[in-house]
Amino acid sequence: MYPVSMPVNTPAQFDFDDLLRLYQEWDRNDAGRPYEHISEILERAKAMHKAAHQIKTNGNGDHGQSWRAWKGKNFEKLIRVIVEEEIAHLNRAHGLTLAAAHDTALERARLSVELDRVKRNLLVDYGSYGSHLPDADLIIYDRISTQVLCILSCKVTMRERIAQTAYWKLKLRKSAVTRHVRVALVTPDEDEDLIIRPEQGRVKKNYAIASVDLDTTYVLHTALQPTDRIKSFSRFAHDIKSWTRGGGGRCPTASPARQ
């Protein structure tokens, strides 16, 4: 199943660089679109993380708890790398000036002029309670205009997060300054809430939210039955280009995700 091999000597530490190596090896082995196999790659990482965790704790630690925290944090990091690569390709291929910022970058006390303007273009007004940034794992914006195109949330499963993401879409929609900002979710959908189109009258809550309240949900899975709002990540680059000022064409294919 896995086109990567277990190292002979397992270190007592398994970090993000190791996960990225697994992803890159899968890509090099031409095992299909690697982002569609993230759940399988994470399963491979889990075995390696467990081996390292047992060495580190002498077999006494709670690996399940450690793995869940590690998995969520590093899945987000991996999506950040993938998104940044796609944006770099779009910039090179189409002369765009897009960039991606991590949400914590906008929370710093001292910001560059560019990021300060991005922050001001994304703030949600709560009246006497001040203005606050929406929760977003990645913010995609134009470096010249500093206008925000899209905010992305990254989650391994739906659960509570999809409703939180939808809340920010509703808040952004209320202001003329932020009404244009797309809100998207990126997920392998390991609970399989979105992969299969439901039968009429048997729609799950998470499927309904993704279909009505979010602009797009990008599902990292080979078995997806896509809709106009629930899509494969292979549509990501196409959508981003269409959201740029004056952009609407189809991006030439340079990799599976770059359509």
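User: How many aromatic pairs does the structure hold?
Analyst: This is a predicted model, where local features need pLDDT of at least 70, side-chain atom pairs count only at pLDDT 80 or more, and totals for chains, interfaces and linings use all residues. Residues are numbered from 1 along each chain as its sequence is written, and side-chain values use heavy atoms, with hydrogens and water left out. Rings of Phe, Tyr and Trp (its six-membered ring) pair if their centres lie within 6.5 Å; planes under 30 degrees apart are stacked, over 60 edge-to-face, the rest tilted. The number of aromatic pairs is seven.

User: What is the angle between the planes of phenylalanine 14 and tryptophan 70?
Analyst: The two rings form an aromatic pair, 5.4 Å centre to centre. The pair is tilted, and the angle between the planes is 45°.

User: Why does this pair tie together parts that are apart in sequence?
Analyst: Helices are DSSP runs of H or I, at least four residues, and strands are runs of E, at least two, numbered from the N terminus. Phenylalanine 14 lies in the segment before helix 1 (16–28). Tryptophan 70 lies in helix 3 (residues 63–94), so the pair links parts apart in sequence by 56 residues.

User: Is tryptophan 70 buried or exposed?
Analyst: Buried means under 20% relative accessible area, exposed over 50%, partly exposed in between (1.4 Å probe, protein chains only). Tryptophan 70 has a relative accessible area of 10%, so tryptophan 70 is buried.

User: Which residues form one aromatic cluster?
Analyst: The cluster is made of aromatic residues. Its members are Tyr35, Tyr218, Phe233 and Phe236.
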